[in-house]
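Please brief me on this structure. Keep it short and group the points by topic.

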Amino acid sequence: MARLVLQRLALLIPTLFGLSILLFLWVRALPGGPATALLGERATPEAVERLNRLYGFDQPLHEQYVRWLGQLLQGNFGVSSRTRLPVLEEFLNRFPATIELTILALVIAVGVGIPLGYVAARYRGRFLDHGTVVASLIGVTIPVFFLAFLLKYLFAVQLGWFPSAGRQSPAMIATHPTGFYVLDGLLTREWDAAWDALLHLVLPALALGSIPLAIIARITRASVIEVQSADYVRTAKAKGLKAPRLRRRVVLRNAMLPVATTIGLQVGLLLSGAVLTETVFAFNGIGSFLADAVFDLDYAVLQGFILFIAVVYALANLAVDISYGIIDPRMRARR
Amino acid sequence: MTTTSGPGEARPGGTTPLLSIRDLEVSFRTEQGTTTAVRGASFDVHAGETVAIVGESGSGKSTTAMAVIGLLAQNGHVSGGQILFEGKDITRLGGAGLARMRGTDIGMVPQDPMSNLNPVVRVGAQIVEALEDNGVARGAEARRRTVELLEEAGLPDAERRAQQYPHEFSGGMRQRALIAMGLSCRPRLLIADEPTSALDVTVQRTILDRLEQLTGELGTAVLLITHDLGLAAERASRVVVMYRGEVVETGPAAQLLTDPQHEYTRRLLAAAPSLASRRIQIAKQSGATEAVADDLLAASAEAPPAAADDPIVEVDDVTKVFHLRGEGLFSRGTDFTAVDHVSFTIPRGSTMAIVGESGSGKSTVARMMLDLLPPTSGTIRFNGEVVGGERADRRAEVRFRRQVQPIFQDPYSSLDPLYTIYRTIEEPLRAHGEGSAADRRERVLQLMDDVALSPDLLRRYPGELSGGQRQRVAIARALALNPDLVVCDEAVSALDVIVQSQILHLLADLQQRLGLSYLFISHDLAVVRQIADQVCVMERGRIVEQGSVDDVFDNPQQPYTQALLDAIPGRSLALAVGD
């Protein structure tokens with residue numbers, strides 16, 4: 001297992017290297033180039049030229065790239081043209097918010113999706129099954145931002161059950177040692193602060209988790225149906241296994257194999273979905289910041305954040321691969 | 001008590017049978033309505049007795065067994081009759097009652113060892129859970145017992161093996177684990193559903209011996225399901241023959257073999273390859289030449305071995321090495337020699353068989369012969385031309401592909417499910433630009449006639465055909481371009497015995513009429529005995545013995561060949577010849 005982790009971490013290096021080239025070229029290919037972006041549309045040619053000389057944009061591409069890469073390796077990701085703060089600092093400030101949101105969304109998706117898919121498979125062809133299939137179809141088709149607006153309007157504006165925006169009520173006085181607000185509240189025993197942060201998370205997490213939930217439910221359903229008719233399930237019945245053990249050890253455990261892969265793929269979906277959800281709920285995470293950066297053509301932020309997200313995505317998939325090895329002994333042997 | 005009104009006569013001094021099936025009817029609900037898979041089946045199994053149900057696929061033999069253990073597919077149910085276990089009708093028990101009987105009263109050893117173990121749980125733990133759920137033993141006691149059970153089933157090093165996962169086991173080891181599992185709670189009746197048909201013959205034999213010994217010691221009654229009459233007769237005291245959902249004949253094994261009453265049993269007996277080769281041998285010993293001529297397929301019986309100076313294929317010192325990837329990040333991997341300095345020649349118009357167990361390299365030879373794999377060293381010549389990469393021009397390759405055609409094992413997966421039968425047979429003609437559409441149509445019709453397929457089937461799809469019909473289609477397709485050599489890779493292994501025998505006759509007949517040469521790859525020595533002129537016995541990549549079929553089969557020189565021959569079921573049976 002240790003070898004697998006090392007192997008995958010080693011693979012991360014060429015992946016990030018390739019991505020950095022793509023990012024670098026993409027930014028240079030944008031109309032007007034970085035200088036126009038920094039100075040705005042109405043910049044004078046003299047200003048553009050001065051800036052190009054200052055930042056080295058007039059040098060050959062490969063030299064620029066090498067310099068940029070050198071800076072990245074020293075931890076210098078540049079400065080946001082909008083907030084005038086280092087990109088790394090901006091990222092680290094907002095990252096905990098997005099992680100908190102993504103984790104809760106994933107918990108909802110897995111915690112509801114797997115039982116729902118399992119129940120649908122067991123009652124295959126009956127009302128419960130059809131209901132689940134239709135609901136999951138709706139879940140996959142509704143765009144995240146639309147569902148986010150809907151949830152916000154219904155539960156925050158009309159019913160007032162949940163707050164409509166932000167990470168914590170402005171009136172709440174809380175200390176934030178880690179930046180994970182729910183965790184902070186628990187650590188500092190400020191229970192009301194933790195509860196308040198959690199309430200702020202519910203609606204965005206529901207909106208964000210809806211598509212993964214629907215996908216996980218469908219894959220679980222299909223997988224359980226397939227496993228139920230496997231030879232080894234019949235053999236397990238023939239040797240007299242009782243229902244609880246049959247369901248848990250034989251059916252569910254085998255049915256989880258494709259589901260685990262799906263969950264890994266959902267992490268990417270969650271990170272991209274966060275851009276929309278965070279914007280709707282004015283949730284100050286990397287998603288909403290990235291959305292703003294796109295509108296402002298904040299190159300340093302775009303480059304830096306996309307690289308960071310790639311690392312997070314790769315690590316999340318590594319975690320899924322490791323879990324796959326835990327569920328399926330054959331995977332351990334294959335490596 | 002001896003007046004029991006059963007089809008199987010009550011044993012002298014017999015008591016209540018352990019299992020008594022009375023007028024059993026099993027139906028399945030399908031989209032086309034209800035189909036009845038078993039009709040009016042009746043037979044008994046007494047305590048400690050082994051009874052075999054024999055029949056081809058679709059005969060209802062497995063369905064009957066699954067009805068007994070209450071594990072019919074979801075859409076199936078017992079729609080009539082009784083299944084009496086110790087006099088109690090278990091069809092009235094309902095799901096929960098039947099579930100309580102499974103494991104403790106009725107156990108099962110399933111067919112395919114590859115798919116019947118839970119892949120994500122250790123082998124030992126899969127037996128421990130059976131012991132625990134049936135209240136036989138718990139915790140450490142159950143684990144100790146599991147090791148005993150695995151040892152009992154003949155698994156070496158059982159203590160360590162119990163900690164491994166199924167994928168770390170070979171097929172034979174898995175089947176031993178499944179036997180240990182089936183017998184773990186000491187059921188009084190064990191259902192063995194084709195317990196060894198997925199294994200190599202030599203492994204098959206040791207597993208069956210072990211199963212027989214174990215159930216004998218424990219006094220377990222066995223309901224053995226098999227398609228092989230020879231195997232049934234060898235292992236069971238009584239045999240039940242099923243055909244199209246009905247029991248057509250029941251009786252003591254010896255009686256059924258020597259004096260079959262029902263027409264279907266006679267056909268089954270005539271077709272069973274294991275018995276056929278036995279018959280040939282007996283016939284030869286008693287000098288009954290007509291019986292031999294009758295049994296041996298035309299080609300091998302009459303056709304004089306073609307002149308050896310006109311070989312169609314010359315395989316000279318061929319070796320194939322596969323590179324296996326290593327475990328580690330930087331490991332170089334290892335080389336695996338699948339075929340090791342193999343040489344043989346096939347005289348024109350004759351059949352060369354290669355026999356061996358899985359992993360012996362026989363299929364690799366076939367693939368090299370078809371030029372699907374290049375040999376690592378050595379040469380293969382076809383009609384004097386070297387097969388493989390060195391052929392300079394493309395036309396030589398096209399010519400080669402026309403002259404050498406394959407027939408593969410699985411008629412279910414080797415035909416394109418989206419092509420009609422017509423299109424399937426026509427395709428090679430089209431690909432090679434043969435004639436006009438009308439010419440091709442005529443040729444296809446003629447080919448269908450050659451392989452005895454009705455022209456009605458032209459517009460059908462492979463999914464609508466039986467296994468035997470599909471294999472005929474595959475043969476017709478192979479013959480479309482008038483090849484010189486046909487490579488049959490386990491071409492009849494997936495077929496029921498009667499169909500198998502028909503296809504073998506067809507191949508022999510075509511050989512005689514068209515002067516074909518065959519390279520016939522098989523694991524089944526009994527089949528080889530019927531079709532081949534020459535045979536190579538392969539073991540771990542090497543040819544260990546080579547010669548004419550009669551020499552090799554009657555006077556095997558190598559212990560491995562002897563072991564393979566001994567493993568054919570039905571060797572020990574007394575058989576009436578020329579009845």
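Which helices of chain B each supply at least two residues of the lining of the largest cavity? They are α7 (201-218) and α8 (229-235). This is a predicted model, where local features need pLDDT of at least 70, side-chain atom pairs count only at pLDDT 80 or more, and totals for chains, interfaces and linings use all residues. Residues are numbered from 1 along each chain as its sequence is written, chains are lettered from A and ligands numbered from 1 in the order written, and side-chain values use heavy atoms, without hydrogens and water.

**Cavities**
- A cavity is a set of points, on a 1 Å grid over the protein atoms alone, where a 1.4 Å probe fits but cannot get out; lining residues have an atom within 4 Å of a point.
- Grid points are joined across faces, edges and corners, and the volume is the space filled by probe spheres set on the points.
- Five cavities of 30 Å³ or more are counted.
- The largest cavity holds about 60 Å³ of space.
- Its lining includes Gln204(B), Arg205(B), Asp566(B) and Pro569(B).
- Five lining residues are nonpolar, one is polar and four are charged.
- Domain 1 (19-260) and domain 2 (272-324 + 334-383 + 484-579) of chain B both give residues to this lining, so the largest cavity lies between them. The domain bounds come from an automatic or database domain assignment.

**Interface of chains A and B**
- In chain B, 29 residues are in contact (heavy atoms within 4.5 Å) with 25 residues of chain A.
- About 2,500 Å² is buried between the two chains, and carbon and sulfur atoms give 52% of that area.

**Salt bridges**
- A salt bridge is a side-chain nitrogen of Lys or Arg within 4 Å of a carboxyl oxygen of Asp or Glu.
- Four salt bridges are counted between chain B and chain A.
- One pairs Glu132(B) with Arg245(A) (2.9 Å, N to O).
- Over all chains, the count is 36 salt bridges.
- Glu132(B) lies in helix α3 (residues 123-133) of chain B and Arg245(A) in helix α11 (residues 243-280) of chain A, so this pair joins two chains.

**Chain A**
- Chain A has 14 helices and zero strands. Helices (H or I, at least four residues) and strands (E, at least two) are DSSP runs, numbered from the N terminus.

Note on methods: On a 1 Å grid over the protein atoms alone, a cavity is a set of points where a 1.4 Å probe fits but cannot get out, and a pocket is an open set with protein on both sides within 12 Å along at least five of seven lines; lining residues have an atom within 4 Å of a point. Ala, Val, Leu, Ile, Met, Phe, Trp, Tyr, Cys and Pro count as nonpolar, Asp, Glu, Lys and Arg as charged, and the others, Gly among them, as polar. Buried area is the accessible area (1.4 Å probe) that two parts lose on being put together, summed over both.
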